[in-house]
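Q: I am new to this structure and would like to go through it step by step. Could we begin with its pocket?

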Amino acid sequence: MRRLGERPLTGAQKQKRHRERLKARLAEADSLKAREQAVGGDILAVIAFYRDLLRELGASAQEAEQIAGGPGFQDDIVALLRLRGQAALDALRRPPPSAGTSLLARLQGAR
């Protein structure tokens with residue numbers, strides 16, 4: 001059981017901490033969704049979105065500008081999305097394992 005100070009946390013305290021963390025995550029997701037909707041499809045807006053995201057992660061204004069304005073930024077995004085899309089397609093097209101296969105064979109097939 002986790003302790004806070006000398007006494008262990010009660011169930012109500014654990015629930016309260018969980019709700020607070022969940023609310024913070026939801027607020028952050030709503031913030032990012034609002035920015036994404038404001039961005040639209042314009043590449044300059046995507047760069048601004050990325051710059052804002054870097055600022056949220058703790059980058060200084062100069063660091064965020066240097067990273068977001070760097071060469072190859074759009075190429076990196078396209079390459080990453082292409083890799084994720086290919087992996088998703090491969091996973092979708094892969095036939096499901098038969099019930100008689102061993103765990104070792106399934107793990108080797110996943111590689």
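Q: Which element gives the largest share of the lining of the largest pocket?
A: The largest share, five residues, comes from α4. Please note that this is a predicted model, in which local features need pLDDT of at least 70 and side-chain atom pairs count only at pLDDT 80 or more, while totals for chains, interfaces and linings use all residues. Residues are numbered from 1 along each chain as its sequence is written, and side-chain values use heavy atoms, with hydrogens and water left out.

Q: Which residues line the largest pocket?
A: The lining consists of Val-46, Phe-49, Tyr-50, Leu-53, Phe-73, Ile-77, Leu-80, Leu-81 and Arg-84. Two or more of the lining residues are given by each of α2 (43–56) and α4 (73–93). On a 1 Å grid over the protein atoms alone, a pocket is an open set of points where a 1.4 Å probe fits, with protein on both sides within 12 Å along at least five of seven lines; lining residues have an atom within 4 Å of a point.

Q: How much space lies in the largest pocket?
A: About 210 Å³. A volume here is the space filled by probe spheres set on the grid points, which are joined across faces, edges and corners.

Q: How does the lining divide by class?
A: It has eight nonpolar residues, no polar ones and one charged residue. Ala, Val, Leu, Ile, Met, Phe, Trp, Tyr, Cys and Pro count as nonpolar, Asp, Glu, Lys and Arg as charged, and the others, Gly among them, as polar.

Q: Changing topic, how many helices and strands are in the chain?
A: The chain has five helices and two strands. Starting at the N terminus, their order is β-β-α-α-α-α-α. Helices (H or I, at least four residues) and strands (E, at least two) are DSSP runs, numbered from the N terminus.

Q: How many salt bridges does a search of the whole structure find?
A: The search finds one, with a salt bridge taken as a side-chain nitrogen of Lys or Arg within 4 Å of a carboxyl oxygen of Asp or Glu. The partners are Glu-65 and Arg-51, whose closest N and O atoms are 2.9 Å apart. This pair links distant parts of the chain, since Glu-65 is in helix α3 (residues 61–68) and Arg-51 is in helix α2, 14 residues apart.

Q: Why does Glu-65 count as partly exposed?
A: Glu-65 counts as partly exposed because its relative accessibility is 41%. Arg-51 also counts as partly exposed, at 25%. Buried means under 20% relative accessible area, exposed over 50%, and partly exposed in between (1.4 Å probe, protein chains only).

Q: What about Ala-64, buried or exposed?
A: Ala-64 counts as buried because its relative accessibility is 0%. This residue is found in helix α3. Leaving aside residues up to four places away in sequence, Ala-64 touches Arg-51, Leu-54, Arg-55 and Ala-59, where contact means heavy atoms within 4.5 Å.

Q: And where does Arg-35 lie?
A: Arg-35 lies in helix α1 (residues 11–39) and counts as partly exposed at 28% relative accessibility. Not counting residues up to four places away in sequence, Arg-35 touches Phe-49, Asp-52, Leu-53 and Glu-56. Arg-35 and Asp-52 are 17 residues apart in sequence, and their C-alpha atoms are 9.0 Å apart in space.

Q: Finally, what share of the chain do buried residues make up?
A: Buried residues make up 8% of the 111 residues in the chain.
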